[in-house]
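Please look at the sequence and the model first.

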Amino acid sequence: MLLPPADQDVLIQACLRGERRAQEQFYRAYFPKLLPICLRYLGDREESVGVLNQAMLKIFGALASYRGEGAFDGWLATIVRNQALSYLREQARDQRKVVDKNFVWPVSVPNRALDQLAVEDIIKLLERLPDHLRIVFSLVVFDGYTHADVAVELGITETASRWRLMKSRETLQGYYRAVHPEIENEL
């Protein structure tokens with residue numbers, strides 16, 4: 001990630017001793033890398049920062065349990081992703097999130113249209129997706145979940161997961177085409 005392994009180990013040990021400066025340094029070092037994970041699932045920057053802060057507290061509480069098996073970055077990402085999914089499940093239970101039922105699906109374009117996007121552009125487009133599409137897209141595309149895994153995690157069918165992935169891709173391509181009409185000539 002952002003720190004060489006030796007510096008990372010020293011920082012982790014200082015955090016385990018409860019050194020506040022080390023915890024702040026850890027937070028500042030990993031926050032920029034972990035925030036996009038929350039943004040992929042939540043789409044809202046303010047919510048994402050809050051969820052990431054909750055995840056950071058969990059990370060600090062669980063640092064002693066990290067045994068050095070597997071990549072530290074992956075361990076952090078798993079905690080952040082699980083916190084985001086937990087938050088979304090809580091929101092769904094509270095029925096505070098409502099999908100816009102008047103959403104009109106744009107026409108699909110080939111996947112090559114998205115190949116030219118920068119990471120920041122992709123995040124901005126993902127933020128526009130309805131929650132139910134953004135979450136499935138993120139789980140499958142960024143985190144490598146299978147449709148069976150998504151079905152279990154979200155309590156939906158595998159068919160629903162496939163449909164949501166297809167619709168999210170079509171929607172993202174439509175968003176891109178709306179911003180870059182010049183790609184019509186390439187199609």
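H2 passes H3 in a right-handed crossing, where right-handed means that the near helix is turned clockwise from the far one by less than a right angle, and left-handed that it is turned anticlockwise. The model is a predicted one, in which local features need pLDDT of at least 70 and side-chain atom pairs count only at pLDDT 80 or more, while totals for chains, interfaces and linings use all residues. Residues are numbered from 1 along each chain as its sequence is written, and side-chain values use heavy atoms, with hydrogens and water left out.

Helix H2 covers residues 20-42 and helix H3 residues 45-62; their axes lie 8 Å apart at an angle of about 130°. H2 and H3 are therefore oblique to each other. Angles under 35 degrees count as roughly parallel, over 145 as roughly antiparallel, 65 to 115 as roughly perpendicular, and the rest as oblique. Axes are lines fitted to C-alpha atoms, for helices over the stretch in contact, and angles run from 0 to 180 degrees between N-to-C directions. The contact (heavy atoms within 4.5 Å) involves residues of H2 including Phe 26, Tyr 30, Leu 34 and Cys 38, and residues of H3 including Val 49, Leu 52, Met 56 and Phe 60. By type, the residues of this contact are 15 nonpolar, three polar and two charged. Here Ala, Val, Leu, Ile, Met, Phe, Trp, Tyr, Cys and Pro count as nonpolar, Asp, Glu, Lys and Arg as charged, and the others, Gly among them, as polar.

| Helix pair | Angle between axes | Distance between axes |
|---|---|---|
| H2 and H3 | about 130° | 8 Å |
| H2 and H6 | about 135° | 7 Å |
| H7 and H8 | about 105° | 8 Å |

H2 also packs on helix H6, residues 131-142. That makes H2 oblique to H6. On the H2 side the contact has Leu 39, Arg 40, Tyr 41 and Leu 42, which meet residues of H6 including Asp 131, Arg 134 and Phe 142. The residues of this contact divide into six nonpolar, one polar and three charged.

H7 packs against H8 at about 105°. That makes H7 roughly perpendicular to H8. His 147, Ala 148, Val 150 and Ala 151 of H7 meet Glu 158, Ser 161, Arg 162 and Leu 165 of H8. These residues are four nonpolar, two polar and two charged.

Ala 148 is in helix H7, residues 147-154. Ala 148 is partly exposed, at 31% relative accessibility; buried means under 20% relative accessible area, exposed over 50%, and partly exposed in between, with a 1.4 Å probe and protein chains only.

Leu 165 belongs to helix H8, residues 158-179, and is buried at 6%. Beyond residues up to four places away in sequence, Leu 165 touches Val 136, Phe 137, Val 140, Val 141 and His 147.

The structure holds zero disulfides, a disulfide being a pair of cysteine sulfur atoms within 2.5 Å.

As a whole, the chain has eight helices and zero strands; helices (H or I, at least four residues) and strands (E, at least two) are DSSP runs, numbered from the N terminus. Buried residues make up 43% of the 187 residues.
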